[in-house]
Amino acid sequence: MVGILTCPAEVNASSIPAARSKRYSHFDWLLTVALVELEYREKLSSHRSLNNMAAPMRLPLLPLSKNWLKLSGLQRAIHSEAVTQEAAYPPVIPSYTAKSKSAKKLRETVYHDRVRNATSVSEKLELLTKVQRKKYVVYPQTSALNADRWYQHFTKTVFLKGLPEKFSSPCDQSVLSKIKSIVVNGILQERFYVKKKSPFLQREQEHFVRPFMTNLVLGATSALGAENPQLSLSRVDFDPQVNFYWMRGETTVPRGHRRGRIDPIRFQIDDQPHSQIRIPQQLEEFCPLESHASDNVPVITLGPDRLPLFTRQYDNRIFTGSKVMDPCCYGHTQFHITGGRFKRSEFKQANAEDQIEVHLRANAISSLFAWTGAQAMFQGFWSKEDVTRPFVSQAVITDGQHFSFFCYQLNTLALTVETDKNNPRKNICWGTESMCLYEELRDGELVGVNENVLTLLINFLLNRSNTQ
Amino acid sequence: MTLVRPGKEQPPDTVQFRIPLEMTKCDVKNYLEKIYNVPVGPVRTRIQYGTNKKRNHLNQRVKRPDYKVAYVQLAQQQTFLFPNVFPKKDVAHEPGSMDEIQDKFLEDERQRQKPDPRRGGITDWFGF
């Protein structure tokens with residue numbers, strides 16, 4: 001192994017062989033260990049300077065001549081400046097491979113430094129999501145009781161009822177009438193004019209709501225492009241994949257060969273909203289980064305098993321809906337469709353009317369946390385390098401008739417036990433209750449159209465970032 | 001159908017029952033809703049296998065019976081906490097009775113067994 005150490009003295013983390021393929025060879029492992037030890041010894045020895053150690057001298061036994069000092073070269077040594085020598089002993093650092101706590105700490109430190117010093121965002125993400133372990137799969141649309149409190153605990157989110165003040169401003173009548181016509185025509189088209197086959201059971205929203213929402217999103221973005229020039233530069237995705245992987249809290253392994261060891265609890269969200277709008281600049285923040293530090297996030301002492309949540313092991317994916325290099329990397333609005341298993345009538349039948357709002361809140365919190373978290377990670381932030389500016393996104397959840405509006409501000413990604421110790425920041429979610437857009441469809445006309453819903457929708461879409 | 005204390009800690013809205021093996025989730029839900037008028041949310045069941053490993057004095061294997069456990073979540077934000085069925089009672093005996101003399105004697109014995117508090121917790125095989 002000594003023969004491999006022909007590398008230059010200056011070694012940094014980027015020179016450690018990057019994973020060309022998923023499988024490391026033993027050679028790569030040995031090289032990594034050797035390079036790491038060399039690097040740390042070099043670093044530590046440059047910080048330490050041992051005291052000057054004069055080499056032990058032996059005076060000659062024969063009678064000394066006058067010039068014996070000069071001849072032996074000691075004169076130069078005695079009268080010259082003190083020579084700073086390199087450290088004679090290697091610095092004491094923990095081993096990289098031993099079965100000890102200090103070795104584990106050193107491995108973690110090396111890993112974190114590798115992530116910090118990664119040259120590109122995709123390399124950072126690869127390092128963070130490389131190792132697969134069992135993780136809890138969090139479904140945004142869930143029928144679990146009181147799921148919103150659990151999800152708030154998992155994502156460290158404060159939920160505030162109502163929306164920020166900027167959405168309560170009235171909007172222009174012409175704009176309102178334009179959007180109203182788009183909405184009314186869309187609903188009538190799907191529910192009245194077009195003759196459709198009977199829908200699949202528990203998939204009615206695919207039949208009626210999906211095409212209406214597609215038309216609404218496209219129509220509204222193009223109609224409001226004049227009012228909000230950022231919308232004309234935006235990208236609209238349909239059925240995008242939004243994935244996020246994070247760790248929160250710790251648990252003791254109950255059984256198995258790793259029994260008794262402390263493991264972080266891993267989560268994964270795999271979401272597929274109906275559509276989303278992405279913009280090239282970040283939306284304006286609703287409140288400063290450190291605000292709402294005094295508000296309480298529900299704390300749940302039981303493990304996620306009891307929600308119930310189930311574990312699986314598969315690809316750890318972090319994705320906003322488009323790849324890292326996309327210029328439209330910031331999120332604007334997501335549109336979610338609920339229904340099928342989660343119809344209002346189903347909740348009422350199951351004796352769970354109060355869970356309708358819980359279901360919507362849980363959906364909003366988890367989807368928006370995943371989207372904003374993925375946006376933040378695509379900018380290079382992670383739990384040890386917390387966000388320096390808040391990431392803001394909005395969501396509209398509907399079942400065709402009832403609409404609810406949510407907005408989310410991501411203030412912190414530091415959710416692991418180590419990073420959360422002195423972290424006063426909390427993520428914030430604002431949301432409304434579900435509002436009826438129309439009361440019923442009678443004789444080819446919508447009765448009781450609620451203009452507040454349309455106003456909110458318009459204000460949501462007109463929300464823009466201040467930076468040019 | 002027996003209400004039991006959960007072995008592992010459950011959320012406050014979850015109640016644990018032991019039910020016959022032939023009963024299903026729907027049966028449990030209907031039973032509780034119709035007979036006891038309890039608003040029931042989701043019900044989850046599992047079958048617990050009883051061990052066949054223990055042996056009796058004739059070295060025959062003795063099977064402990066299998067049973068089904070139902071975890072019932074209560075709807076409408078209701079909670080249930082399993083009560084403490086055997087609370088400790090501070091029994092004050094009447095003065096002069098045999099029980100009081102016995103209690104006093106036992107307490108004196110316990111006090112005699114304790115080491116000298118002036119030694120500050122050091123064992124008595126130290127010292128002179």
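In this predicted model, the largest nonpolar core holds 98 residues, of which Ile179(A), Phe244(A), Trp246(A) and Phe405(A) touch the most other members. A nonpolar core is here a set of buried Ala, Val, Leu, Ile, Met, Phe, Trp, Tyr and Cys residues joined through side-chain atoms within 4.5 Å; buried means under 20% relative accessible area, with a 1.4 Å probe and protein chains only. Helix H11 of chain A, residues 355-378, gives the most to this core, namely 12 residues; helices are DSSP runs of H or I with at least four residues, numbered from the N terminus. Apart from this core lies another, of 11 residues, including Met23(B) and Val40(B).

The cysteines come next. The model has 0 disulfides over all chains, a disulfide being a pair of cysteine sulfur atoms within 2.5 Å. Cys171(A) is buried, at 16% relative accessible area, and its sulfur is too far for a bond because the closest cysteine sulfur, in Cys407(A), is 17 Å away. Cys429(A) is in no disulfide either, with the sulfur of Cys407(A) 7.1 Å away.

Confidence is given by pLDDT, the predictor's score for each residue from 0 to 100. Chain A averages 87, and 84% of its residues score at least 70. Residues 1-22 of chain A fall below 50. Where pLDDT is low, the predicted coordinates should not be read in detail.

Residues are numbered from 1 along each chain as written, chains are lettered from A and ligands numbered from 1 in written order. Local features need pLDDT of at least 70 and side-chain atom pairs 80 or more, while totals for chains, interfaces and linings use all residues, and side-chain values use heavy atoms, without hydrogens and water.

Key: Contact = heavy atoms within 4.5 Å. Buried < 20%, exposed > 50% of the residue type's maximum accessible area, 1.4 Å probe, protein only. Helix = DSSP H or I, 4+ residues; strand = E, 2+ residues; numbered from the N terminus.
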